[in-house]
Amino acid sequence: MWFFGLFSRKKKREKSRDTAYKRLEAILERRRPVSVTEIVPKAEFEENSEKIKEKIVTWVSDTFKVSPERVKVEFEEHNGYIVIITNVMFE
């Protein structure tokens, strides 16, 4: 009986390549244009910017199963708009 088990294929563990592919698919599925529905005054944005960063870090780390230390969020102003830049460092 053990002889037949010798030639059977072992169940493969998920490789990092497969994990990266799944993460990339998740990113591409969620990417869609967001229409501007409300303009927030600059003073209000600056007052709440840390809360916004915390919420983005929490959401990204939960969604992509990475530690919060691996998520970096920055705000930049371009042509009067605030651009949110999020970097996720995957393993």
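Biologist: How many helices and strands does the chain have?
Modeller: In this model, which is predicted, the chain has 3 helices and 2 strands, and from the N terminus on these elements run α-α-α-β-β.
Biologist: OK, and how many aromatic pairs are there?
Modeller: The count comes to 3 aromatic pairs, and one of them is formed by F45 and F75, whose rings lie 5.0 Å apart, centre to centre, with 80 degrees between the planes.
Biologist: Why is that one called edge-to-face?
Modeller: The planes of F45 and F75 are 80 degrees apart, and because an angle over 60 degrees counts as edge-to-face, the pair gets that label.
Biologist: Where in the chain do F45 and F75 sit?
Modeller: F45 belongs to helix α3 (residues 42-64), whereas F75 belongs to strand β1 (residues 71-78), so that the pair links distant parts of the chain, 30 residues apart.
Biologist: Is F45 buried or exposed?
Modeller: F45 is buried, because its relative accessible area of 16% falls under the 20% cut-off, while F75, at 21%, counts as partly exposed.
Biologist: And what about W59 and F64?
Modeller: W59 and F64 also form an edge-to-face pair, with 6.5 Å from centre to centre and 90 degrees between the planes; W59 is partly exposed at 47% relative accessibility, whereas F64 is buried at 10%.
Biologist: Changing topic, how much of the chain is buried?
Modeller: Of the 91 residues in the chain, 13% are buried, and the accessible surface comes to about 8900 Å², with 55% of that belonging to carbon and sulfur atoms.

Notes: Residues are numbered from 1 along each chain as its sequence is written. This is a predicted model: local features need pLDDT of at least 70, side-chain atom pairs count only at pLDDT 80 or more; totals for chains, interfaces and linings use all residues. Side-chain values use heavy atoms; hydrogens and water are left out. Rings of Phe, Tyr and Trp (its six-membered ring) pair if their centres lie within 6.5 Å; planes under 30 degrees apart count as stacked, over 60 as edge-to-face and the rest as tilted. Helices (H or I, at least four residues) and strands (E, at least two) are DSSP runs, numbered from the N terminus. Buried means under 20% relative accessible area, exposed over 50%, partly exposed in between (1.4 Å probe, protein chains only). Accessible areas come from the Shrake-Rupley method with a 1.4 Å probe; for residues, only the protein chains shown count as cover.
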